[in-house]
Amino acid sequence: MRVLVTGSTGYVGRVVLAELAAAGHAPVPFSGDVRAGSVAEPVDAVVHLAGLTRVRESFDDPVRYYDVNVGGTVNLLRSPPSRFVLASTAGVYGSPGVAAIGEDCPRAPANPYAASKAAAEDVLAWAAAAGRVRGVALRLFNVAGGGDSDDTRVITRACGAASGRLPPMDVFGDGSAVRDFVHVRDVARAFVTAVERAEEGYAALNVGATPASVADVLAAAGRVSGREVPVVRRPAHPGEARELRADTTRLRAWGWRPTCSDLDTLVGDQWAAESPPHT
């Protein structure tokens with residue numbers, strides 16, 4: 001299939017292009033403003049990755065986040081190909097109070113970024129219900145590895161602190177809060193799977209792989225780097241969810257399996273990209 005990929009120069013987008021090509025598809029990179037561009041050339045599917053993704057920034061400029069994340073999705077759906085795969089976020093669930101989060105868990109986004117992604121999901125779901133497109137929303141948990149340059153993410157911060165490139169890492173509470181991590185290559189393969197397996201109507205699917213605590217990440221960074229990660233202990237955030245794990249049963253039923261998302265591989269891959277001055 002010819003697959004248009006928005007956000008193709010980004011962290012996930014570059015890997016999606018490679019995985020689509022490896023699977024025998026013809027990826028078509030999309031550049032430009034997704035709010036103004038159009039699906040000008042004939043393609044069989046869209047993988048929509050372009051968007052704004054910073055939670056803290058979204059509180060300062062929520063209108064811009066809705067404009068880009070929802071407006072861009074609406075624009076691409078004006079004349080969509082037969083299949084449309086949207087990059088969404090596990091943030092749409094908020095803090096649901098259950099250890100393993102399934103796709104039927106009610107959405108309760110707690111920030112403008114997650115709320116804009118939930119709204120984009122809704123637009124896609126309604127377009128699919130109208131028979132305009134086969135729609136899939138992939139709710140990504142914590143993407144890691146592959147030379148991630150976003151220093152706000154836990155594994156990137158831990159490796160940067162270990163190398164000395166970043167200051168000591170802030171650890172809130174005892175570091176026992178659990179989050180679900182997944183390698184960017186496994187995420188890219190999930191997009192390939194969604195393009196290939198998209199069915200009539202709409203589906204939302206979780207993409208996660210390895211539950212781990214901050215303490216687990218620090219221990220892995222120490223093993224991989226041979227260094228102790230410097231940390232600064234901070235008081236725990238009140239109301240922070242203790243566990244957020246992905247139930248990926250639905251995506252696995254489509255044939256997807258993570259292959260490189262064990263914690264040491266995730267951290268080791270990021271450490272290799274860190275290029276520390278001393279080893």
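The dialogue below reads a predicted model, feature by feature, from its sheet to its helices and single residues.

Colleague: What should I keep in mind about numbering and confidence in this model?

Modeller: Residues are numbered from 1 along each chain as its sequence is written, and side-chain values use heavy atoms, with hydrogens and water left out. Because the model is predicted, local features need pLDDT of at least 70 and side-chain atom pairs count only at pLDDT 80 or more, while totals for chains, interfaces and linings use all residues.

Colleague: In what order do the six strands of the open sheet run?

Modeller: Strands of a sheet pair through backbone hydrogen bonds, either parallel or antiparallel. Here the order is E2-E1-E3-E4-E6-E10, and the pairing is parallel; helices (H or I, at least four residues) and strands (E, at least two) are DSSP runs, numbered from the N terminus, and two strands pair if DSSP finds at least two bridges between them. Strand E2 (26-30) and strand E10 (202-207) stand at the edges with a single partner strand each, so one side of each has no neighbour in the sheet. From one strand to the next, the twist averages 20°.

Colleague: How many bridges join E4 to E6, and which residues stand opposite each other?

Modeller: Seven bridges join E4 to E6, with Val-85 opposite Val-136 in E6. Strand E6 (residues 134-140) in turn pairs with E10 in the parallel sense over six bridges, and there Val-136 stands opposite Ala-203. On the E3 side, E3 and E4 pair in the parallel sense over four bridges, and the partner of Val-46 in E4 is Phe-84.

Colleague: Is E4 enclosed or open?

Modeller: Seven of the seven residues of E4 are buried, so the strand is largely enclosed by the rest of the structure; buried means under 20% relative accessible area, exposed over 50%, and partly exposed in between, with a 1.4 Å probe and protein chains only. Both faces are covered, with Arg-83, Val-85, Ala-87 and Thr-89 buried on one side and Phe-84, Leu-86 and Ser-88 on the other.

Colleague: Which residues of H1 and H6 meet where these helices pack, and at what angle do their axes cross?

Modeller: Two packed helices are described by the angle between their axes and the distance between the axes. The axes of helix H1 (residues 11-22) and H6 come within 8 Å and cross at roughly 60°, where axes are lines fitted to C-alpha atoms, for helices over the stretch in contact, and angles run from 0 to 180 degrees between N-to-C directions. That makes H1 oblique to H6, given that angles under 35 degrees count as roughly parallel, over 145 as roughly antiparallel, 65 to 115 as roughly perpendicular and the rest as oblique. Tyr-11, Val-12, Val-15, Val-16, Glu-19 and Leu-20 in H1 meet residues of H6 including Val-184, Val-187, Ala-188 and Phe-191, contact meaning heavy atoms within 4.5 Å.

Colleague: What angle and axis distance describe H7 and H9?

Modeller: Helix H7 (residues 214-225) and helix H9 (residues 263-274) pack at an angle of about 60°, with their axes 9 Å apart, and they are therefore oblique to each other. Among the residues that make the contact are Val-217, Ala-220 and Val-224 of H7 and Val-267, Gly-268 and Trp-271 of H9.

Colleague: How many residues of H5 are buried, and what do they pack against?

Modeller: Eight of the 10 residues of H5 are buried, and these pack against strand E7 (142-144), strand E8 (169-172), strand E9 (178-183), H7 and H9. One of them is Thr-156, which is buried with a relative accessible area of 2%; leaving aside neighbours within four places in sequence, Thr-156 is in contact with residues including Asp-148, Asp-150, Asp-151 and Gln-270. H5 is followed by Gly-164, whose phi is positive, near 90°.

Colleague: Which side chain makes a polar contact with that of Glu-121, and is Glu-121 buried or exposed?

Modeller: Glu-121, in helix H4 (residues 112-129), counts as buried at 1% relative accessibility. Its side chain makes a polar contact of 3.1 Å with the side chain of Arg-107; the term covers a pair of N or O atoms within 3.5 Å, where, within protein, one must be able to donate a hydrogen and the other to accept it, and residues adjacent in sequence count only if both atoms are side-chain atoms.

Colleague: What joins the side chains of Arg-134 and Glu-200?

Modeller: A polar contact of 2.9 Å joins these two side chains. Arg-134 is found in strand E6 and is partly exposed, with a relative accessible area of 23%.
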